[in-house]
Amino acid sequence: MFCSYGWYFTFVQGFVYLVLIYLQGFTIKQKVNPWKTYVKLSAVLMGSHGLTKGSLAYLNYPAQIMFKSTKVLPVMIMGAFIPGLRRKYPVHEYISAVLLVVGLILFTLADANTSPNFSVIGVLMILGALVMDSFLGNLQEAIFTMNPDTTQMEMLFCSTLIGLPFLLPPMILTGELFKAWNSCAEHPYVYGVLVFEAMATFIGQVSVLSLIAIFGAATTAMITTARKAVTLLLSYLIFTKPLTEQHGSGLLLIAMGIILKIVPDTKPPNQAVGSSTQGRNHPKKVKTPENGADEEDEEKRPLV
């Protein structure tokens, strides 16, 4: 009954986030970015969370994992269009992402006891969440890139505070606000579950933001996708579920994707840059400067 209240649950979760961030000692005075920086980020953040939670009313969990596991591909593609990033990934990283996604899908399908429930509404909701996710990680990386002084607490606090009002229109238009309020009033233990879940996901959100700041959105998406496979594998080891050939095929593809991702690129990146730079600067070096100032400026001029 409660799994259909995705927008309301996200709304409650947002307030728990704000309290946890306040307890961490963050204040608005520590903010280094203008509020307008977080408007777009807040809209896609709340949209992703709300659609993901709400889709469980129409899709079973294995089906949702199967769709969400493809997130790394739209994140990589969208990175080429986000201002401030313009990411271009080598071919082997796309192949690595495809292997990881296909492997996790095979493993998830083998894990499902029944055929995944592909409700049209649920599929549309989870596809909308994927579109939001493709913007989310790249926008977060762009903010970290343009202002390295941005902290994870600031980004989570500002995006949550601005994003909460974005949840009100869908809750009011669908009538979910009043239905969820009445249902949770009859079962107050739900709020305890939501607080516990929010505390756990808060740690996850801070960890994901740290990964984005250090390694970028695409690598973080691959890590979170691989995490889903590890979670499923651990469930088999702990509860001693039988592994089938389809499980083995999925794990093999996942391992191939991860190995391909961590293999260093052997192509020398500076060779072409050095030769082209030498060609551009060669005519300037032929000229004899009248004094040492021109030669010193030439040495200090950046290569790119």
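A residue counts as buried when its relative accessible area is under 20%, as exposed when this is over 50%, and as partly exposed in between (1.4 Å probe, protein chains only). The structure is a predicted model, in which local features need pLDDT of at least 70 and side-chain atom pairs count only at pLDDT 80 or more, while totals for chains, interfaces and linings use all residues. Residues are numbered from 1 along each chain as its sequence is written, and side-chain values use heavy atoms, with hydrogens and water left out.

**Overall composition**

- The protein has 14 helices and 0 strands; helices (H or I, at least four residues) and strands (E, at least two) are DSSP runs, numbered from the N terminus.
- Of the 304 residues of the protein, 44% count as buried.

**Annotated transmembrane regions**

- An unreviewed UniProt entry places the feature "transmembrane region" at residues 6-26, 94-112, 118-136, 156-173 and 193-218. UniProt positions are given in the numbering used here, feature names are shortened, and annotations may be inferred rather than shown by experiment.
- In the model, the span of residues 6-26 is 86% helix and 0% strand, and its end C-alpha atoms lie 28 Å apart.
- Residues 193-218 are 96% helix and 0% strand, with end C-alpha atoms 31 Å apart.

- The expected span of a helix is 1.5 Å times one less than its number of residues. For the 18 residues of α1 this gives 26 Å, which agrees with the 26 Å between its end C-alpha atoms.
- Just after α1, G25 takes a positive phi of about 95°.
- Rings of Phe, Tyr and Trp (its six-membered ring) form an aromatic pair if their centres lie within 6.5 Å; planes under 30 degrees apart count as stacked, over 60 as edge-to-face and the rest as tilted. The count by this rule comes to 4 aromatic pairs.
- One of these pairs joins Y5 and F9 edge-to-face, at 6.3 Å centre to centre and with 90° between the planes. Both Y5 and F9 are buried.
- F11 and F15 also form an edge-to-face pair, with 5.0 Å from centre to centre and 75° between the planes. These two residues are 4 apart in helix α1 (residues 6-23), which means that about one helical turn separates F11 and F15.
- An α-helix has 3.6 residues a turn, so residues three or four places apart point the same way.
- F11 is buried, because its relative accessible area is 17%, whereas F15 has a relative accessibility of 43% and therefore counts as partly exposed.

**Helix α10**

- The 27 residues of α10 should span 39 Å, and the end C-alpha atoms of α10 are 39 Å apart, which agrees.
- The buried residues in α10 include V190, L194, A198 and F202. Further along α10, Q205, V206, L209 and I212 are buried.
- V195 is placed in helix α10 (residues 189-215). With 35% relative accessibility, V195 counts as partly exposed.
- V195 and V16 are 179 residues apart along the chain, yet 6.6 Å separates their C-alpha atoms.
- Just after α10, G216 takes a positive phi of about 100°.

**The salt bridge**

- A salt bridge is a side-chain nitrogen of Lys or Arg within 4 Å of a carboxyl oxygen of Asp or Glu. The count by this rule comes to 1.
- K53 forms a salt bridge with E197, and the closest N and O atoms are 3.0 Å apart. The pair links distant parts of the chain, with K53 in helix α2 (residues 39-55) and E197 in helix α10, 144 residues apart.
- Side chains of opposite charge can pair when their charged atoms come close.
- K53 is buried, because its relative accessible area is 18%; E197, at 30%, is partly exposed.

- V230, L234, L237 and I238 make a nonpolar surface patch of about 400 Å². Patches are made of residues with over 30% relative accessible area and no salt bridge: like charges are joined within 9 Å, and nonpolar side chains (Val, Leu, Ile, Met, Phe, Trp, Tyr) within 5 Å. Accessible areas come from the Shrake-Rupley method with a 1.4 Å probe; for residues, only the protein chains shown count as cover.
- I238 is placed in helix α11 (residues 217-239), and I238 is exposed, with a relative accessible area of 60%.
- V230 lies in helix α11 and is partly exposed, with a relative accessible area of 46%.
- V230 and L251, 21 residues apart in sequence, have C-alpha atoms 9.6 Å apart in space.
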